[in-house]
Amino acid sequence: MKRILPKRFDPRPVEERWYSYWEEQELFHADVNSPLPPYSIVIPPPNVTGSLHMGHALNNTLQDICVRYKRMDGYNVLWMPGTDHAGIATQNVVERQLAQEGLSRQDLGREAFLKRVWEWKEKYGGLIIHQLKRLGASCDWSRERFTMDEGLSRAVRVVFVRLYQEGLIYKGDYIINWCPRCTTALSDLEVVHEEHDSSLYYIRYPLLDRGGFVTVATTRPETMLGDTAVAVNPDDPRFHHLVGKQCRLPLMNRILPIIADSYVQADFGTGALKITPAHDPNDFEIGLRHGLEKIRVIDDRGRMNENAGRFSGLDRDQCRKEVLQALEQEGLLERVEPYRHMVGHCQRCRTVIEPTVSKQWFVRVKPLADEAIRAVKEGRTRIIPKKWENDYFAWMEGIRDWCISRQIWWGHRIPAWYCSRCGEMTVAEEEPQQCTSCGGEQLQQESDVLDTWFSSALWPFSTMGWPERTRELEIFYPTSLLVTGFDILTFWVARMLMMGLKFMGDVPFRDVYIHALVRDIEGRKMSKSLGNVIDPLEMIERYGADAFRFALAAFAAQGRDIKLSTERIEGYRNFMNKLWNAARFVLMNLDEEHPEQDLSPLSKRSLADRWILSRLARTVEAVRKALDEYRFNDAAGAIYQFLWHEYCDWYLEWIKLDLYSPRVPEDRQRAQAVMLHVLTTVVQLLHPFTPFITEEIWQALPHTQDSVMKSRFPVPRAEDFDPEAEKEIRWVQQVIVGIRNLRAEVHVPPSTRVDVVVIPTPETLELFRAHAEVIRALARIEELVIDPNAPRPKKAVYAISENAEIHLPLVGVVDLKREQERLEKEIQETQRELSQNHRKLANPDFVQKAPQEIVRKVRSRKEQLEDRLERLQEGLRRIRAAMDS
């Protein structure tokens, strides 16, 4: 018994029903015993604190398209899911909760605080997973991992110990980025640089033994309290006489050497630079080269310490004010200039970071980076689009040692223990019972935890069971693809390459696809302050997951940011409705006994059948090629064009003659078989993009597999390619479109049947006659005259091409005088509105000060009005010509 779809597609119940069904049937499950070729992806683990945002939505939609495509294409697919413990972010969330209770983590103590964090994780940590399921993500949830679960924690300890034993992890004093709010070290990648309007302060340092001054320029006068030298460029002739001399540090009376170093830029400030090795990374390097003392004057909370003398106890900002006031009183503040420069902020809390010297744990990265550079250069891992390789190489070739310790409690605690008896350190995978140096049993574990990215760097192999030799690693490593944003190319991708090569002996993934950002329709980054954030969950609720996913894919062009708006998503909901209505039409026009989809021999196919099957074959070919090359927008565009503008607009209209008034019964059966075959194929092509609606339609269609997911992804059939049929149908389409355009220009309603006179050339006479029936039906013609000798009708509009003259008599169809008046009136109204738009856009104040969304709408409306005016004027020209004939 045939099934008829409801009149309206309602996404929510469909999405809930089929996602539950897929999970119950374990259709996302990867089988380590499968004979099929493997295909694997590890999900970029979202933070356990996270909620689905537009970046997640795009990233996971593209991954899901890939895995659903490969699953249908005969691969044993593993999409490994999981979440990241997100050390600083998660700790901040729980600390904010405690603050509302009047508590701090110090009040609870470490163990109680960690228990509280785990409780929070168990209660709220699964939110992002639920949201990914709403999106349709077909991960193998039976394998879900967490970066602090038992297996991954063991992998972290094993990697740490091995790197330490090989001398690739060490503890030492180094200049680091420090967040006074989070009270932890930050890697370079966790610092966000923003432009600040500031000042450049010119300060006089009195010269020793000769009178006079050397003037330095700085943006941070408070750090001068920790200066240990003044540096000049050795090639700067202005200072040759001062190199090797000494000056006095104002306010502190410390004697400073004047040194020469090529880092100093002669054109910055005065050309003389104050050197504060403990609070500036470049000064730190200069200090190492010249053996300078490192004097730390700012503590972990951003307050001046005892080394700051009389300024001790002040916070950084207050200290700056008082230092400047003291310099001014002593006549040592020469001048102040406005200065705009980049300032580093903590990525998490946006506090201005403080470069400071601290004892931290580091990975000696250079040996690991060299191999990772070679892997990409040799093509063992491809980065797509290729332009991102340059960013990768630039960062890797200038890489600094990686600071991996963080002064927080939530995270992988560093597996190092200190002996209270001898002070020596023991590094081990498991907690030692005694000191390896003296045998003492009083051991205290390192309080620091590892950078979150340390465990994330092991993700491709730790999630598959490493350090054990598992079947998952044997089959699915290296993974096939990583889909990620460009913003974590260096944060994460580069580090995974380094760790995968080091511990697995092979790259962690063959391809890295870097997708662009999702921006608003004006191309601006989405932010709460601009009020232009689009909430994915709201879009799914309003338009359905399929429409939302398809919108993202349709605009996901390589190397180009996506400009998204709710209107664009709504447009693809219309596409879902088009598919739904096409499926309803097909199902309503099938007999109780469904036709076989084994198509009739080529010799028995109609011209329309040959054409649609040829166009389908080309679409299948284009979609497969585009997906294989990660051109998601091209794949989506090819399906959209075919379904809407070829299958629905033309083929289904064309075959209504065969369905409703067939010459012989076989015509109806043939049309049913072809329309069903094409719809089924389109449903299969669309499934990776729009999984829910395609499953719902698949279940209503005659099928052998119990889910569209288990059917084979279409392949183009060589016998279906038919360029001759495409050429002939294209000719018929041009004729029908020409007649429709004539009707539209003189405002003939689509429902009104008209007479048409065609005066063909001798070469096209038989073509016109052969297709007269379909031309009459699709152009809504009452009487169609096809005669090379026909007289040209009076009071008619016409079009002339190289194939024929087409005349549309208007007597009895259109009141020519009234139509002329209507067109003239509409032209006047259009010109008036267009003139107003021109005036607005010619006004610089409007263009520069009005909201860009308003300006965009005015520009868009101007283009619409110009197009409309052109069509109205052409219609008026034709009406006047008809009146004169």
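**A close look at helices and charged pairs**

Tutor: Let's begin with a pair inside one helix. Arg-822 and Glu-826 sit four residues apart in helix α27 (residues 816–841), so about one helical turn separates them. Their side chains meet in a salt bridge, with 2.5 Å from N to O. Glu-826 has a relative accessible area of 18%, and because buried means under 20%, this residue counts as buried. Please keep in mind that this is a predicted model.

Why can such pairs form at all? Side chains of opposite charge can pair when their charged atoms come close.

Now let's move to helix α19, which covers residues 607–628. One of its residues, Arg-624, forms a salt bridge with Asp-73, at 2.8 Å from N to O. Here the partners come from distant parts of the chain: Arg-624 belongs to helix α19, while Asp-73 lies in the loop between α2 (54–72) and β2 (76–80), and 551 residues separate the two.

The crossing of α19 past α24 is left-handed. On the α19 side, the contact is made by Leu-607, Ala-608, Arg-610, Trp-611, Ser-614, Arg-615 and Arg-618. On the α24 side, you can look for Pro-723, Glu-724, Ala-725, Glu-726, Glu-728, Ile-729 and Gln-733. Sorted by class, this contact of α19 with α24 holds six nonpolar, two polar and six charged residues.

For a pair with other surroundings, find Glu-378 and Arg-380, whose side chains form a salt bridge at 3.1 Å from N to O. Glu-378 is exposed, with a relative accessible area of 53%, and Arg-380 is partly exposed, at 25%.

Salt bridges can also link up into a network, as they do for Asp-609, Asp-658, Arg-663, Asp-667, Arg-670 and Glu-773. And how many salt bridges turn up in a search of the whole structure? The search finds 77, including the one between Arg-822 and Glu-826 where we started.

Methods: Residues numbered from 1 in each chain as written. Predicted model: local features only at pLDDT ≥ 70, side-chain atom pairs only at ≥ 80, totals over all residues. Heavy atoms only, no water. Axes fitted to C-alpha atoms, helices over the stretch in contact; angles between N-to-C directions. Left-handed = near helix turned anticlockwise from the far one by under 90°. Contact = heavy atoms within 4.5 Å. Nonpolar A, V, L, I, M, F, W, Y, C, P; charged D, E, K, R; others polar. Salt bridge = Lys/Arg side-chain N within 4 Å of Asp/Glu carboxyl O. Buried < 20%, exposed > 50% of the residue type's maximum accessible area, 1.4 Å probe, protein only.
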